[in-house]
Amino acid sequence: MASLLLSNPIVSSSFLGKNLSFNGNIRKSTLSALVFRSPRCAAADATYGGNTPKYPRSNVWDPYKRLGITTDASEEEVWSSRNFLLDQYGSHERSAESIEAAFEKILMTSFQNRKKTKINLKTRLKKKVEESPPWVQNLLAFVELPPTIIILRRLFLFSFMAFWSVMNSAEGGPAFQVALSLFACIYFLNDKSKSIGRACLIGFGSLVVGWICGSCVVPIIPAAILQPTWTLELLTSLVVYIFLFVGCTFLK
(Lines give C-alpha, C1' and ligand atoms only; values in the text may rest on other atoms or scores of the structure.)
Protein backbone atom coordinates (compact mmCIF):
# COMPACT_ATOMS: atom_id res chain seq x y z
CA MET A 1 0.00 0.00 0.00
CA ALA A 2 2.81 2.39 0.80
CA SER A 3 4.43 1.73 -2.53
CA LEU A 4 1.12 2.38 -4.32
CA LEU A 5 0.70 5.76 -2.62
CA LEU A 6 4.21 6.77 -3.48
CA SER A 7 3.78 5.82 -7.12
CA ASN A 8 0.55 7.82 -7.59
CA PRO A 9 0.26 10.59 -4.97
CA ILE A 10 -2.96 12.57 -4.67
CA VAL A 11 -2.96 16.04 -3.08
CA SER A 12 -6.24 17.47 -1.83
CA SER A 13 -6.61 21.25 -2.03
CA SER A 14 -9.49 23.07 -0.35
CA PHE A 15 -8.54 26.29 -2.21
CA LEU A 16 -9.24 24.85 -5.66
CA GLY A 17 -11.96 22.52 -4.49
CA LYS A 18 -10.44 19.75 -6.64
CA ASN A 19 -7.92 16.96 -6.31
CA LEU A 20 -4.66 17.61 -8.09
CA SER A 21 -2.86 14.48 -9.30
CA PHE A 22 0.90 14.62 -9.64
CA ASN A 23 2.53 11.92 -11.62
CA GLY A 24 5.02 14.17 -13.39
CA ASN A 25 2.43 16.53 -15.11
CA ILE A 26 -0.57 18.58 -13.95
CA ARG A 27 -3.86 17.48 -15.40
CA LYS A 28 -5.20 19.50 -18.32
CA SER A 29 -8.62 19.89 -16.72
CA THR A 30 -7.07 21.68 -13.76
CA LEU A 31 -4.96 24.05 -15.94
CA SER A 32 -7.95 25.03 -18.04
CA ALA A 33 -9.56 26.53 -14.95
CA LEU A 34 -6.60 28.85 -14.39
CA VAL A 35 -6.61 31.72 -16.89
CA PHE A 36 -3.90 34.39 -16.81
CA ARG A 37 -3.86 37.67 -18.83
CA SER A 38 -0.46 39.21 -19.35
CA PRO A 39 0.02 43.05 -19.41
CA ARG A 40 1.12 42.78 -23.03
CA CYS A 41 -2.26 41.34 -24.09
CA ALA A 42 -4.12 44.09 -22.24
CA ALA A 43 -2.08 46.77 -24.00
CA ALA A 44 -2.80 45.16 -27.36
CA ASP A 45 -6.55 45.28 -26.66
CA ALA A 46 -6.33 49.00 -25.85
CA THR A 47 -4.39 49.64 -29.05
CA TYR A 48 -7.08 48.08 -31.21
CA GLY A 49 -9.89 50.10 -29.69
CA GLY A 50 -10.53 48.42 -26.38
CA ASN A 51 -10.22 51.63 -24.32
CA THR A 52 -10.23 54.21 -27.17
CA PRO A 53 -13.06 56.79 -26.79
CA LYS A 54 -15.64 56.64 -29.56
CA TYR A 55 -17.42 59.77 -30.81
CA PRO A 56 -21.09 59.42 -29.78
CA ARG A 57 -22.48 61.41 -32.75
CA SER A 58 -20.64 59.51 -35.50
CA ASN A 59 -23.89 58.25 -37.03
CA VAL A 60 -25.74 61.59 -37.01
CA TRP A 61 -26.81 62.40 -40.58
CA ASP A 62 -26.76 66.21 -40.30
CA PRO A 63 -23.09 67.34 -40.60
CA TYR A 64 -23.73 70.46 -38.50
CA LYS A 65 -25.25 68.45 -35.65
CA ARG A 66 -22.47 65.89 -35.99
CA LEU A 67 -19.87 68.60 -35.34
CA GLY A 68 -22.04 70.25 -32.69
CA ILE A 69 -22.42 73.62 -34.45
CA THR A 70 -25.31 75.65 -35.86
CA THR A 71 -26.09 76.10 -39.56
CA ASP A 72 -25.04 79.78 -39.42
CA ALA A 73 -21.64 79.03 -37.88
CA SER A 74 -18.67 80.88 -39.34
CA GLU A 75 -15.76 79.19 -41.07
CA GLU A 76 -13.58 79.76 -38.02
CA GLU A 77 -16.14 78.00 -35.81
CA VAL A 78 -16.30 75.05 -38.20
CA TRP A 79 -12.51 74.65 -38.16
CA SER A 80 -12.38 75.05 -34.38
CA SER A 81 -15.04 72.38 -33.82
CA ARG A 82 -13.32 69.97 -36.21
CA ASN A 83 -9.90 70.40 -34.57
CA PHE A 84 -11.35 70.05 -31.08
CA LEU A 85 -13.20 66.83 -31.91
CA LEU A 86 -10.18 65.33 -33.64
CA ASP A 87 -8.08 66.04 -30.55
CA GLN A 88 -10.63 64.18 -28.44
CA TYR A 89 -11.56 61.27 -30.72
CA GLY A 90 -8.85 61.20 -33.40
CA SER A 91 -7.39 57.96 -32.03
CA HIS A 92 -10.60 56.14 -32.98
CA GLU A 93 -10.44 55.55 -36.73
CA ARG A 94 -14.17 55.49 -37.48
CA SER A 95 -14.84 58.53 -35.31
CA ALA A 96 -12.09 60.50 -37.06
CA GLU A 97 -13.45 59.53 -40.49
CA SER A 98 -16.97 60.60 -39.48
CA ILE A 99 -15.74 63.99 -38.20
CA GLU A 100 -13.68 64.62 -41.34
CA ALA A 101 -16.61 63.64 -43.60
CA ALA A 102 -18.94 66.11 -41.86
CA PHE A 103 -16.29 68.83 -42.05
CA GLU A 104 -15.72 68.30 -45.79
CA LYS A 105 -19.46 68.27 -46.49
CA ILE A 106 -19.93 71.60 -44.72
CA LEU A 107 -17.06 73.17 -46.68
CA MET A 108 -18.45 71.89 -49.97
CA THR A 109 -21.91 73.24 -49.15
CA SER A 110 -20.43 76.62 -48.26
CA PHE A 111 -18.49 76.74 -51.54
CA GLN A 112 -21.60 75.92 -53.57
CA ASN A 113 -23.61 78.59 -51.76
CA ARG A 114 -20.94 81.21 -52.47
CA LYS A 115 -20.89 80.25 -56.13
CA LYS A 116 -24.68 80.54 -56.37
CA THR A 117 -24.59 83.91 -54.59
CA LYS A 118 -21.98 85.21 -57.04
CA ILE A 119 -24.06 84.07 -60.00
CA ASN A 120 -27.20 85.58 -58.51
CA LEU A 121 -25.34 88.87 -57.90
CA LYS A 122 -24.33 89.09 -61.55
CA THR A 123 -27.87 88.28 -62.63
CA ARG A 124 -29.33 90.92 -60.34
CA LEU A 125 -26.82 93.52 -61.50
CA LYS A 126 -27.61 92.77 -65.12
CA LYS A 127 -31.33 93.04 -64.36
CA LYS A 128 -30.80 96.38 -62.62
CA VAL A 129 -28.96 97.70 -65.67
CA GLU A 130 -31.73 96.54 -67.97
CA GLU A 131 -34.36 98.24 -65.78
CA SER A 132 -32.39 101.50 -65.47
CA PRO A 133 -33.38 104.67 -67.37
CA PRO A 134 -32.24 105.01 -71.01
CA TRP A 135 -29.63 107.65 -70.25
CA VAL A 136 -28.00 105.32 -67.71
CA GLN A 137 -27.93 102.50 -70.25
CA ASN A 138 -26.39 104.81 -72.86
CA LEU A 139 -23.75 105.91 -70.35
CA LEU A 140 -22.92 102.33 -69.39
CA ALA A 141 -22.65 101.43 -73.06
CA PHE A 142 -19.36 103.39 -73.14
CA VAL A 143 -17.90 101.35 -70.27
CA GLU A 144 -16.25 97.92 -70.50
CA LEU A 145 -14.22 95.68 -68.23
CA PRO A 146 -11.02 94.46 -69.91
CA PRO A 147 -9.03 91.39 -68.81
CA THR A 148 -7.12 91.67 -65.57
CA ILE A 149 -3.71 91.49 -67.26
CA ILE A 150 -4.50 94.58 -69.35
CA ILE A 151 -5.64 96.49 -66.27
CA LEU A 152 -2.43 95.62 -64.43
CA ARG A 153 -0.18 96.57 -67.33
CA ARG A 154 -1.73 100.00 -67.78
CA LEU A 155 -1.84 100.56 -64.05
CA PHE A 156 1.89 99.85 -63.93
CA LEU A 157 2.55 102.28 -66.79
CA PHE A 158 0.72 105.24 -65.26
CA SER A 159 2.07 104.43 -61.79
CA PHE A 160 5.57 104.62 -63.28
CA MET A 161 4.74 108.01 -64.80
CA ALA A 162 3.52 109.25 -61.43
CA PHE A 163 6.65 107.96 -59.69
CA TRP A 164 8.83 109.58 -62.34
CA SER A 165 7.05 112.89 -61.86
CA VAL A 166 7.50 112.77 -58.09
CA MET A 167 11.20 111.94 -58.37
CA ASN A 168 11.81 114.91 -60.71
CA SER A 169 9.57 117.31 -58.80
CA ALA A 170 12.54 119.33 -57.51
CA GLU A 171 14.01 119.82 -61.00
CA GLY A 172 10.99 120.88 -63.03
CA GLY A 173 7.33 120.34 -63.83
CA PRO A 174 5.90 117.03 -65.05
CA ALA A 175 4.92 118.37 -68.49
CA PHE A 176 6.96 115.75 -70.34
CA GLN A 177 5.52 112.86 -68.30
CA VAL A 178 1.98 114.14 -68.78
CA ALA A 179 2.52 114.37 -72.55
CA LEU A 180 3.82 110.80 -72.68
CA SER A 181 0.85 109.62 -70.66
CA LEU A 182 -1.56 111.39 -73.01
CA PHE A 183 0.03 109.79 -76.08
CA ALA A 184 -0.10 106.38 -74.39
CA CYS A 185 -3.79 106.88 -73.58
CA ILE A 186 -4.58 107.83 -77.20
CA TYR A 187 -2.60 104.85 -78.47
CA PHE A 188 -4.49 102.39 -76.28
CA LEU A 189 -7.86 103.90 -77.22
CA ASN A 190 -7.06 103.82 -80.93
CA ASP A 191 -5.93 100.21 -80.66
CA LYS A 192 -9.25 99.35 -79.06
CA SER A 193 -11.71 101.43 -81.11
CA LYS A 194 -9.74 101.65 -84.40
CA SER A 195 -10.71 105.31 -84.60
CA ILE A 196 -8.03 107.98 -84.12
CA GLY A 197 -10.64 110.73 -83.82
CA ARG A 198 -12.50 108.97 -81.04
CA ALA A 199 -9.24 108.10 -79.30
CA CYS A 200 -8.05 111.73 -79.38
CA LEU A 201 -11.43 112.97 -78.13
CA ILE A 202 -11.49 110.62 -75.16
CA GLY A 203 -7.78 111.17 -74.43
CA PHE A 204 -7.92 114.97 -74.40
CA GLY A 205 -11.24 114.84 -72.57
CA SER A 206 -9.70 112.73 -69.81
CA LEU A 207 -6.77 115.16 -69.61
CA VAL A 208 -9.01 118.22 -69.29
CA VAL A 209 -11.41 116.65 -66.79
CA GLY A 210 -8.52 115.34 -64.71
CA TRP A 211 -6.77 118.70 -64.69
CA ILE A 212 -9.95 120.52 -63.63
CA CYS A 213 -10.71 118.01 -60.87
CA GLY A 214 -7.09 118.13 -59.68
CA SER A 215 -7.11 121.92 -59.56
CA CYS A 216 -10.24 121.82 -57.40
CA VAL A 217 -9.27 118.95 -55.09
CA VAL A 218 -5.57 119.60 -54.46
CA PRO A 219 -6.00 122.97 -52.66
CA ILE A 220 -8.28 121.24 -50.15
CA ILE A 221 -5.54 118.82 -49.07
CA PRO A 222 -3.82 119.96 -45.83
CA ALA A 223 -0.30 121.19 -46.47
CA ALA A 224 0.97 119.32 -43.39
CA ILE A 225 0.71 115.93 -45.12
CA LEU A 226 2.43 117.09 -48.32
CA GLN A 227 6.11 117.31 -49.11
CA PRO A 228 7.53 120.84 -49.48
CA THR A 229 8.75 120.07 -53.02
CA TRP A 230 5.30 118.92 -54.18
CA THR A 231 3.87 121.79 -56.17
CA LEU A 232 0.29 122.34 -57.26
CA GLU A 233 1.25 121.40 -60.80
CA LEU A 234 2.73 118.08 -59.67
CA LEU A 235 -0.27 117.13 -57.54
CA THR A 236 -2.66 118.05 -60.32
CA SER A 237 -0.71 115.87 -62.76
CA LEU A 238 -1.08 112.93 -60.38
CA VAL A 239 -4.85 113.31 -60.61
CA VAL A 240 -4.56 113.55 -64.40
CA TYR A 241 -2.75 110.19 -64.49
CA ILE A 242 -5.71 108.59 -62.74
CA PHE A 243 -8.19 109.98 -65.28
CA LEU A 244 -6.01 108.96 -68.21
CA PHE A 245 -5.72 105.45 -66.80
CA VAL A 246 -9.48 105.16 -66.36
CA GLY A 247 -10.16 106.65 -69.80
CA CYS A 248 -7.92 104.31 -71.79
CA THR A 249 -8.77 101.21 -69.73
CA PHE A 250 -12.50 101.25 -69.05
CA LEU A 251 -13.95 103.49 -71.78
CA LYS A 252 -14.76 102.17 -75.22
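Let's start with S98, which sits in helix α6, residues 93–131. Helices here are DSSP runs of H or I with at least four residues, numbered from the N terminus. Keep in mind that this is a predicted model, where local features need pLDDT of at least 70 and side-chain atom pairs count only at pLDDT 80 or more, while totals for chains, interfaces and linings use all residues. Residues are numbered from 1 along each chain as its sequence is written, and side-chain values use heavy atoms, with hydrogens and water left out.

Is S98 buried or exposed? S98 is buried, at a relative accessible area of 9%. (Buried means under 20% relative accessible area, exposed over 50%, and partly exposed in between, with a 1.4 Å probe and protein chains only.) Setting aside residues up to four places away in sequence, S98 touches S58 and R66; contact means heavy atoms within 4.5 Å. A polar atom of the S98 side chain lies 2.8 Å from the backbone oxygen of S58.

Now for two other helices. The expected span in the table is 1.5 Å times one less than the number of residues.

| Helix | Residues | Length | First to last C-alpha | Expected span |
|---|---|---|---|---|
| α8 | 148–167 | 20 residues | 28 Å | 28 Å |
| α9 | 175–193 | 19 residues | 27 Å | 27 Å |

In α8, the buried residues are I151, R154, F158, M161, A162 and S165. Looking down the axis of α8, these buried residues fall within an arc of 100°, so they line one face of the helix. That arc is taken from the directions from the helix axis to the C-beta atoms. Over on the other side of α8, you'll find T148, R153, F156, F163 and M167 exposed.

What do the buried residues of α8 pack against? They pack against α9 and α11, residues 232–250. The buried residues of α9, in turn, pack against α8, α10 and α11; among them are Q177, V178 and S181.

The largest one has 19 residues, and F158, C185, L189, L207, L244 and C248 touch the most other members. At least two residues of this core come from each of α8, α9, α10 (196–217) and α11, and α9 gives the largest share, 7 residues.

Terms used
Polar contact = N/O pair within 3.5 Å; in protein donor to acceptor, adjacent residues only side chain to side chain. Core = buried A, V, L, I, M, F, W, Y, C linked by side-chain atoms within 4.5 Å.
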